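Here is a short briefing on a protein structure. Look through the sequence and the model before reading the points below.

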Amino acid sequence: DAGVIQSPRHEVTEMGQEVTLRCKPISGHDYLFWYRQTMMRGLELLIYFNNNVPIDDSGMPEDRFSAKMPNASFSTLKIQPSEPRDSAVYFCASIRTTERLPFFGQGTRLTVV
Amino acid sequence: AQSVSQHNHHVILSEAASLELGCNYSYGGTVNLFWYVQYPGQHLQLLLKYFSGDPLVKGIKGFEAEFIKSKFSFNLRKPSVQWSDTAEYFCAVNARDSSYKLIFGSGTRLLVRP
């Protein structure tokens, strides 16, 4: 398996624009997590899904953030409108509960100017 | 709620020095414990993990960690660091009864001087 795949790897956008980050989890994994990493706040859990269903989105910072998982092989994290303070690295991770080991994608580095 | 504390935010060592990074977690149930490393500008890489069994676990690159249940600790060690170990190290915890969400410590930045 190719691992957790995130796209794009880098995104630079202007304030106010919509940004969509994408994640393909490892096949067979039943949990998917979105994390944000910043210097100030470290690694924060934003939202996670179990079998494509959102379980806990309490970490989503504002209504400008939304996440979907339309099927077992794809998830998106959308920011609309984006703001400079959203600049961060966004990581996606997936887990197969029988194995308990999280696998991380390489992250998307988002810069909002 | 689960939480993870890493006591050392910045550590500076000379090559060949020994390393120990502290990690304590707060959770009453059965946990899985992890150490991740992040080299500058790169993604998270798993160093080692503990699920059950022998509390002394060995990972990649000569790292090891010891789970001490009574102290809720999972400290990371390496007998002799190298310049290439310069990175940020994260301790993390998840548990079955919290849906396996991985909670991270704040990280420790290690600088190894040649």
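The points below cover the chain interface, the disulfides, the salt bridges and one asparagine.

This is a predicted model: local features need pLDDT of at least 70, side-chain atom pairs count only at pLDDT 80 or more, and totals for chains, interfaces and linings use all residues. Residues are numbered from 1 along each chain as its sequence is written, chains are lettered from A and ligands numbered from 1 in the order in which they are written, and side-chain values use heavy atoms, with hydrogens and water left out.

**Where chain A meets chain B**

- Contact means heavy atoms within 4.5 Å. By that rule, 20 residues of chain A touch 19 residues of chain B.
- The area buried between the two chains is about 1800 Å². Buried area is the accessible area (1.4 Å probe) that two parts lose on being put together, summed over both.
- Carbon and sulfur atoms give 63% of that area. A:Leu43, A:Arg100 and A:Phe104 supply 32% of what chain A buries against chain B, more than any other three residues.
- Four residue pairs are in polar contact across the interface of chain A and chain B, both residues at pLDDT 80 or more. A polar contact is a pair of N or O atoms within 3.5 Å; within protein, one must be able to donate a hydrogen and the other to accept it, and residues adjacent in sequence count only if both atoms are side-chain atoms.
- Which elements give two or more residues to the side of chain A that touches chain B? They are strand E4 (31–38), E5 and strand E9 (88–95) of chain A.
- Helices (H or I, at least four residues) and strands (E, at least two) are DSSP runs, numbered from the N terminus.
- E4(A) gives the largest share of that side, four residues.
- By class, the side of chain A that touches chain B has 12 nonpolar, four polar and four charged residues. Ala, Val, Leu, Ile, Met, Phe, Trp, Tyr, Cys and Pro count as nonpolar, Asp, Glu, Lys and Arg as charged, and the others, Gly among them, as polar.

**Disulfides**

- The structure holds two disulfides over all chains. A disulfide is a pair of cysteine sulfur atoms within 2.5 Å.
- In chain A, the sulfur atoms of A:Cys23 and A:Cys92 are 1.8 Å apart. This link is left-handed, with -70° about the S-S bond.
- The pair joins distant parts of the chain: A:Cys23 is in strand E3 (residues 19–24) of chain A and A:Cys92 in strand E9 of chain A, 69 residues apart.
- Are A:Cys23 and A:Cys92 buried or exposed? Both are buried. Buried means under 20% relative accessible area, exposed over 50%, partly exposed in between (1.4 Å probe, protein chains only).
- In chain B, B:Cys23 and B:Cys91 pair up, with sulfur atoms 1.9 Å apart. The torsion about their S-S bond is about -65°, so this disulfide is left-handed.
- B:Cys23 lies in the loop between strand E3 (19–21) and strand E4 (24–26) of chain B, and B:Cys91 in strand E10 (residues 87–94) of chain B, so the pair ties together parts that are 68 residues apart in sequence.
- B:Cys23 counts as buried because its relative accessibility is 0%. B:Cys91 is buried as well, at 0%.

**Salt bridges**

- Side chains of opposite charge can pair when their charged atoms come close.
- A salt bridge is a side-chain nitrogen of Lys or Arg within 4 Å of a carboxyl oxygen of Asp or Glu.
- One salt bridge is counted between chain A and chain B. B:Lys101 meets A:Asp56 in a salt bridge (3.6 Å, N to O).
- A:Glu44 and A:Arg36 form another (3.1 Å, N to O). A:Glu44 is buried at 17% relative accessible area, and A:Arg36 is buried at 7%.
- A:Arg64 pairs with A:Glu83 (3.5 Å, N to O). A:Arg64 is buried, at 10%, whereas A:Glu83 is partly exposed, at 23%.
- Both A:Arg64 and A:Glu83 belong to a network of salt bridges that also links A:Glu62, A:Arg85 and A:Asp86.

**A:Asn50**

- A:Asn50 lies in strand E5 (residues 42–50) of chain A.
- A polar atom of the A:Asn50 side chain is 3.1 Å from the backbone oxygen of A:Asp30.
- Leaving aside neighbours within four places in sequence, A:Asn50 contacts A:Asp30, A:Tyr31 and A:Ile55.
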